[in-house]
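Subject: Structure handover

Hello,

Here is the structure for you to look over. My notes follow below it.

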Amino acid sequence: MQTPAPARRPDRNGEDGPDGRWTTYPGAPVDTKRQLMVKLAWTSVWAFYLAYPLQDLATRQHTRSATVAGAVALAVFLAAYLTVVIVRNRRGHPARQYLPLALMAAIAVGTSYTLGESWLTLFTYTSVCAAVTFPGRLGIVGVLATTAVFALVGLTSRADVETMVSIGLPCVLAGLAMLGMQRLVTTMRELREARAAVAHLAASEERLRLARDLHDLLGHSLSLIAIKGELTGRLMDAGKTADARAQVADIEQVARQSLADVRSAVSGFRRPTLPVELAAARTALAASQVALDADPRLAEDHPGLGPEESGVLAWALREAVTNVVRHGAGATRCGVHLDETWEEDGRYAVLEVVDNGPGPGKSAAGNGLSGLGERLAQVGGRLETAAANRGKGFRLRALVPLRPGPSGE
């Protein structure tokens, strides 16, 4: 493609465990102090709602002691809010996370009664923290309970209707939105685990296929060799040398055929397949923060595509994705599509991989692309590489001939 550029790898501190979860996702646990600081920085952005209590303190409409008490209460509230975030992002979610939440609720109620309606906005933070603190469906109960307390405090403190509406709606909506975000994170985690399970099952299925093939091949062949060996021994004891030599020749032929069958089976096991390579490509691109647009037909059997040709296309997919990960600095999307085309000498299957990276450089193709071209040539195919649309990105097309169908197409 081009002169090798620095690989686009995720931050070493940006992954969580073997499944490669990115801790930039909301609600994902953290492992290091650096990750925690990033979490706290993003969380602090939402502190702009505290401008209303700060403005209330800055107007000097309270006594000096009330102003100092309000400032201390606000600082404690913010500390409790950040504590909920810290505890929430530690693995295990210990029960002590409920203590900061209770302190936040108490401060929100007390300051709203003593310092005025501007402090009702603290209930919005309490609602969000209740959503992430309580497990499962209890999160909805926590949000609704916080909103109910807000309404009760607002009515009993005689807050005006406009304030009740402008603060009440964010209170309930922010809490429900956080519940939805938590559910989305859980779903994403389950999808990653399911994808890893599918890849594992695909590999296990290949192992089982190889075991079945070897059992069928060697079981029959070795049984036949054993029987002929016993017969050869009896013939030699009886002095029938010519017949014994014939049996030895049969044993030699069966052994050679068995060796050829085993090599064929192992070759099929080592041959990559498009579904397995697609699963590996999805994982590799996700680790490099590149979105994958995959053709659903890649996971299906393609009529006329033989095992040798399919294996070469799988090699092409592997090499193309490797190029995107290693050399596609700045790429954010990668499209993988499988189609057919007619040419003068027949029908071809076309695997096309396109990314939106920097595109091909002026240097010659590397060993990977050269080797891929040789593989394609061995099955009667060819490799095409060029810049993508408007010179942006890299396009790889691997073409292999399709075998005629039963109708002779």
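Start with Arg-158, which is exposed, with a relative accessible area of 76%. Keep in mind that this is a predicted model. Arg-158 sits in the loop between helix H6 (138-156) and helix H7 (161-237). Its phi is near 60 degrees, a positive value in a residue other than glycine.

Gln-289 also has a positive phi, about 60 degrees, and is not a glycine either. Look for Gln-289 in the loop between H9 and E3. Its relative accessibility is 48%, so Gln-289 counts as partly exposed.

Now the sheet. Five strands make up an open sheet, ordered E3-E4-E5-E7-E6, with mixed pairing. The edges are strand E3 (291-294) and strand E6 (382-387). Each has a single partner strand, so one side of each has no neighbour in the sheet. From one strand to the next, the twist averages 20 degrees.

The pairings, strand by strand:

- E3 and strand E4 (residues 333-343) run parallel, joined by four bridges. Asp-293 has Gly-335 in E4 as its bridge partner.
- E5 and E7 are antiparallel, with eight bridges. Here Val-354 is opposite Arg-395 in E7.
- E6 and E7 are antiparallel too, with six bridges. Ala-387 is opposite Phe-394 in E7.

E6 and E7 also form a hairpin, with six residues between them. In the turn, Arg-390 has a positive phi of about 55 degrees.

Next, the helices. H9 and H10 pack with their axes 9 Å apart, at an angle of about 5 degrees. Angles under 35 degrees count as roughly parallel, and H9 and H10 are therefore roughly parallel to each other. Residues of H9 in this contact include Leu-278, Ala-281 and Leu-285; those of H10 include Leu-313, Leu-317 and Val-321.

What is in the largest nonpolar core? It has 31 residues. Those with the most contacts inside it are Leu-313, Leu-317, Val-336, Leu-351 and Val-400. Helix H9 (274-287), H10, E4, E5, helix H11 (367-378) and E7 each give two or more residues to this core. H10 provides the largest share, eight residues.

Val-400 deserves a look. Leaving aside neighbours within four places in sequence, its contacts include Leu-305, Val-312, Leu-313, Tyr-348, Leu-376 and Val-379. Arg-347 is in contact with Val-400 as well.

That brings me to Arg-347. Is it buried or exposed? Its relative accessibility is 15%, so Arg-347 counts as buried; the cut-off for buried is under 20%. Arg-347 belongs to strand E5 (residues 346-355). Its side chain makes a polar contact with the side chain of Glu-340, at 3.0 Å. Not counting residues up to four places away in sequence, Arg-347 also touches residues including Thr-341, Trp-342, Pro-401, Leu-402 and Arg-403.

Best wishes

Notes
Residues are numbered from 1 along each chain as its sequence is written. This is a predicted model: local features need pLDDT of at least 70, side-chain atom pairs count only at pLDDT 80 or more; totals for chains, interfaces and linings use all residues. Side-chain values use heavy atoms; hydrogens and water are left out. Buried means under 20% relative accessible area, exposed over 50%, partly exposed in between (1.4 Å probe, protein chains only). A polar contact is a pair of N or O atoms within 3.5 Å; within protein, one must be able to donate a hydrogen and the other to accept it, and residues adjacent in sequence count only if both atoms are side-chain atoms. Contact means heavy atoms within 4.5 Å. Two strands pair if DSSP finds at least two bridges between them. Axes are lines fitted to C-alpha atoms, for helices over the stretch in contact, and angles run from 0 to 180 degrees between N-to-C directions. A nonpolar core is a set of buried Ala, Val, Leu, Ile, Met, Phe, Trp, Tyr and Cys residues joined through side-chain atoms within 4.5 Å. Angles under 35 degrees count as roughly parallel, over 145 as roughly antiparallel, 65 to 115 as roughly perpendicular and the rest as oblique.
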